[in-house]
Amino acid sequence: MVFRKGQKVELFRRSSDESWEPYMDAFVGLHGIVTDPDTAINDPDALVEVSLEGKGTHRLPQDCLRPLDHD
Amino acid sequence: MAHNGCPVNRSIAAFEDVLATERLGDPKNQRRVEELIQLLTDVAWGRAGDAHLPAIAQLAGELAQDPGEARARETGAAFLGVLNEFREVFQSHIDTHNCASGDCVRLAPAPCQMTCPAGIDVPTYVSLIGEGRDAEAIEVIRRDNPFPWVCGLVCTRPCEFMCVRGRIDRPVGIKPLKGFAAERALSRSQYRNPPRESDKGQKVAIIGAGPGGMSAAYYLALKGYGVGVIEAQPSAGGMILLGIPRYRLPREVIDREVAMLQELGVEFRFNTRFGVDTSLAALRGEGYEAFLFAIGAHQSFKLGIPGEGDFAGVVEAVDFLRRVALGDRRAPGHRVVVIGGGNVAIDAARTALRLGSETVTLAYRRTRHEMPADEEEVEQAEEEGIQLAFLTIPKEVVGAEGRLQGLRCLRAEMVRADDSDRLRPVPVRDSDFLLETDIIIAAIGQRVDETGMEELAGLAWTRRHTIDVNMVSMETNQPGIFAVGDAVTGPATVIEAIGGGKRAAEAIDRHLSGLPQPKMPPVPVRRGRVACREIAANRKMTLKRPEMPLLNIDRRRTTFQQVELGYDEAAVRDEASRCLRCDICLRCGRCVEICRDKMKVDALQMGYFDFDHPVETDFRATAERCILCGACAANCPTGAMRMEDRDGERVLSLCGTVLNRQALLCCEDCGAVLGPLRYLEYVRKRHATIALRADSRSLCDACARQAAAAAVETDR
């Protein structure tokens, strides 16, 4: 699991994952906080819950996210 | 008129431009435009009522038909065009107190509300709790979440992660405040259902009585639908009943919340498994017209190691927790090993301890840093004596003669893969060791159990083995069939399921009413604008989030009594007053810029305004430098920053936090207010070379002019 709860992330690109929906295109470039990471099997393929600043909370594929703080 | 952004906001700007450029000659038409601005501002500020839109349309119509002035007719006609095209948006401002574009800044939801998957108006209910209006707070919460008591105890509280107060010290304790208010309202018989709409004569079947299904049931019942809930288990609650132990969420809490649904007429059919005891065809035969599948994710992943299936002592965490929830109180074993690092693993470990297991070890393949379980839950587990074995990879279940003896493991180290920044655990060579145990509980995640869904042959599933839905409407590829909760998201949070349930209820209502589904997820709705309570800056800064009182450790190790005891009333009221009221202050930074760049005073130390790089905040610092000029308040777009003269003082406050207060000086001749001394000195310093000095006396401008004129006359 690369993401952990409370971590700041950037949604830096679209994802080709099947869970990506058209309205999510407007989220690219936004920053947010991981509120519920993959809680199960540390699966890089799992969807993580991210709260995007001003855009609400969404389940997103991990390949469109990158951490902002590398602590 | 421009059609970009919010039409309400744009219309106001257009009318203001008409006035500013003096395009209207007739005073009567100018007055009409002024009145239109006034009414539209009411709409933009969320204070309009049912009479506003008709009044606006009438005024615009009068303008559009004015016989004497062509420009008035053009202005009126242009606005009527906008009103006709965007009437729904205007109406939505009035009905929902929400501006989806955010242009009407007073209607923009706070970050905590935006973050909540159910969109609860957090600042409003926190403010109400702060004032002791607990029942009203519960009413606000239940407009978006029917289970405030459940969420007050077990919510993963994404709102607190986004809480702006967390950029100053610690987030507001939103979850315990909600729990307190729910408990208080219920104990005083003030926890009531809102009135139900008249019966629509249509029925909806919900398969699964978990939080997602029951949320949908609540909102559908309120809309007047007949709702039947089919549940395989003997009680309602789903994962919150079967997966969350009683020491976190007492069963009585769930029962009371479920009783509220039954009071609305929701019918539960327990011990009824879809696909076995009933079917889609049978339910259709009973008159159900829409179906919501909220079947959860109850099937565990397998460990996939040798020996896993050879011994009865290897059990799955969700099965273990389910048995205990349904009344099995036998200790699972003497020495328990739980495999996993999530909340379910922690719950299983703490449950085993309470049932009398002597040692409980939690084996997790990564480090504490990567553990996905709630940090507080992990801490509490350690306090109770759960042993955490990090960097431990299960290799083989070992035993003899059908009896489990232990779990062979490997030590791991975290290694960065060449092609990614992902650290992954890699076994250390020759690091085998044996964890002796007589019971292994596997808690490495769950998936949706598809058993019983065969009848829905055409139903689309994702590659993650979840039901494929449109996340905006929760509709599947089968008309009239919707899905929600863990069955859609995979194992997720209670509040996410509740939010999905509410969305599904709205979508089912649209489906049964023949309306098209929306294309975007709903924007959270503001439920009110509670006035800010005044609090001194030093108190706002020094109030600390209280620690949660816990049950004593011996009882925690031996009973299922609720561990978190909740805040007492004084702590709740204080904690609520730590809220920064981000529903009113949008942190646009205009006040800081004006004070620093225009006035050159730089008295506002609001480091929390920045999301990415918050720096130090100190409300107390304002009083040291602020001259009370009022430039910040005059330029605040939302009215968050206010300056007023009262009781001989000038007071500057931000959302009720008093940043500065100073005594007012008055004209020695006429008594007119001059301002605070610091402000007068600032003005005099700036105007030293041009200002007329009235000796050392404090005079208003008018009296100073008279004094100067008198002095000139005397000189003559």
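Reader: Which residues of helix α18 in chain B are buried?
Author: This is a predicted model, where local features need pLDDT of at least 70, side-chain atom pairs count only at pLDDT 80 or more, and totals for chains, interfaces and linings use all residues. Residues are numbered from 1 along each chain as its sequence is written, chains are lettered from A, and side-chain values use heavy atoms, without hydrogens and water. Buried means under 20% relative accessible area (1.4 Å probe, protein chains only). In α18(B), a DSSP run (H or I, at least four residues) spanning residues 375-384, the buried ones are Glu377(B), Val378(B), Gln380(B), Ala381(B) and Glu384(B).

Reader: What do the buried residues of α18(B) pack against?
Author: Contact means heavy atoms within 4.5 Å. A strand is a DSSP run of E, at least two residues. The partners, in chain B, are α17 (343-354), β9 (387-389) and α22 (553-558).

Reader: Which residues of α5(B) are buried?
Author: This helix covers residues 87-96. Its buried residues fall within an arc of 90 degrees, so they line one face. They are Phe90(B), His93(B) and Ile94(B).

Reader: Which exposed residues does the face turned away carry?
Author: Exposed means over 50% relative accessible area. Opposite the buried side of α5(B) are Glu88(B) and Asp95(B).

Definitions and conventions
Arc of directions from axis to C-beta.
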